[in-house]
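This briefing covers selected helices and loop residues of one structure. The points are grouped by topic.

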Amino acid sequence: TIFAISVSRPMFRDSRIDLSTKPVIEQMRQMTLCRHNRSPPSIDPQRGDDSMKYFPLLGLPNELITHSLSFLPMRDRLRARVNKRLDQIELESKYSVENLHIEEASPNSEHRRNYSPSDSYISFVEGRSNSADCLRRVAQNASVNYLKINVGSEPFHREVYYSCVKFNATTLDLRFKNDQLENEIIEDSFFLDLARKFENLMIDRCLNISANALHQVAKGMIDGSMKVRKLTTQIDHIQCLEFLDLINIYYNSGFFYSTRDIEVYSFSLPANGLPIHFIIFDGSLEIHLTRFGLGRIVSFTLTFHNTLKSLDDSKKRKVAIGYDIHAH
């Protein structure tokens, strides 16, 4: 489902809804007629009578309209704004969205993607005037499982990124068109706000945040002050070493050490024997480092396991795919 902010074709015509494409509404019409002991008039195909093709939706009570809207995709729900009464009903109703993609689209793009038909989109067309009104409305009403944002660097797009903290979503996936924009937006205070808001946090890169902010997230995972349970991003090699120092884990000559009991799993390339993956289990925390020591950028995943079963299962999976175990 694609919804372009700058172009919207009204779904409603004379406050009536097209029953030929909305079988759910047709069923509700039949129910309403039966409740009043009325039979729906027949349509004579010879005469081409289409007088009942459009049903006066506003003749229904608010409760039935609300129920009807719950079957529509988000794009059509937002088009309810063309009518004052429907707009108010939609504004007060709650609904769920499985996957929501907020993106920037070129004026001539055809939006051909390999995504599920159930996915919803809010597309801001490049070079055109856009409004954040629909974002505020969706953030207020929708419960989202997966929210992805990937827009440009115009001033309006910065507002889009900062608005993500208003969404009720389980997973937040932030992508950026360039490093400058990402470094400007992903700084310590905003990063910590995201960690308090979302259970699963995915960010392209976090090169501008401090090791102390990463440490606060790790502590918040353990003591429950942060909602986040999994953080996936890329950080600088120096950031990574500083973060590990703050949690008393030290690296030297290819090995990790700690004053506590930790388990380190490593995976090496057969060609040269160099480890490309390190996974550190420190209590309930799992720290996954990819390409550590092989370049400036480290792929970094921090996971908190709520149960011993989750922790044990994760360790078993590492052994099953060939990780070497080192206890320190």
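Helix α9 is followed by glycine 224, which has a positive phi, near 85°. The model is a predicted one.

**Helix α9**
- Helix α9 runs over residues 211-223, and its 13 residues should span 18 Å at 1.5 Å a residue; the end C-alpha atoms are 18 Å apart, so the two values agree.
- The buried residues of α9 are Ala211, Ala213, Leu214, His215, Val217, Ala218, Gly220 and Met221.
- Among the elements that cover these buried residues are two helices, α8 (188-197) and α10 (237-246).
- The cover also includes the strands β8 (230-236), β13 (285-290) and β14 (297-304).

**Helix α2**
- In helix α2 (residues 62-69), Ile65, Ser68 and Leu69 are buried.
- These residues lie on the same side of α2, because the arc they cover around the axis is only 95°.

**Packing of α4 and α5**
- Two packed helices are described by the angle between their axes and by the distance between the axes.
- For helix α4 (residues 84-92) and helix α5 (residues 133-141), the angle is about 50° and the axes are 8 Å apart.
- The two helices α4 and α5 are therefore oblique to each other.
- On the α4 side, the contact is made by Asp87, Glu90 and Leu91.
- On the α5 side, Arg137, Gln140 and Asn141 take part.
- Sorted by class, the contact of α4 with α5 comprises three charged residues, two polar residues and one nonpolar residue.

**Alanine 132**
- Alanine 132 is found in the loop that links β4 (120-125) to α5.
- Its relative accessibility is 8%, so alanine 132 counts as buried, the cut-off being under 20%.
- Leaving aside neighbours within four places in sequence, alanine 132 has contacts with Phe156 and Glu159.
- Glutamate 159 is 27 residues from alanine 132 along the chain, and the C-alpha atoms of the two are separated by 8.0 Å.

**Asparagine 248**
- Asparagine 248 sits in the loop between α10 and β9 (249-252).
- The phi of asparagine 248 is positive, near 60°, in a residue other than glycine.
- With a relative accessible area of 32%, asparagine 248 is partly exposed.

How values were computed:
Residues are numbered from 1 along each chain as its sequence is written. This is a predicted model: local features need pLDDT of at least 70, side-chain atom pairs count only at pLDDT 80 or more; totals for chains, interfaces and linings use all residues. Side-chain values use heavy atoms; hydrogens and water are left out. Buried means under 20% relative accessible area, exposed over 50%, partly exposed in between (1.4 Å probe, protein chains only). Helices (H or I, at least four residues) and strands (E, at least two) are DSSP runs, numbered from the N terminus. The arc is that of the directions from the helix axis to the C-beta atoms. The expected span of a helix is 1.5 Å times one less than its number of residues. Contact means heavy atoms within 4.5 Å. Axes are lines fitted to C-alpha atoms, for helices over the stretch in contact, and angles run from 0 to 180 degrees between N-to-C directions. Angles under 35 degrees count as roughly parallel, over 145 as roughly antiparallel, 65 to 115 as roughly perpendicular and the rest as oblique. Ala, Val, Leu, Ile, Met, Phe, Trp, Tyr, Cys and Pro count as nonpolar, Asp, Glu, Lys and Arg as charged, and the others, Gly among them, as polar.
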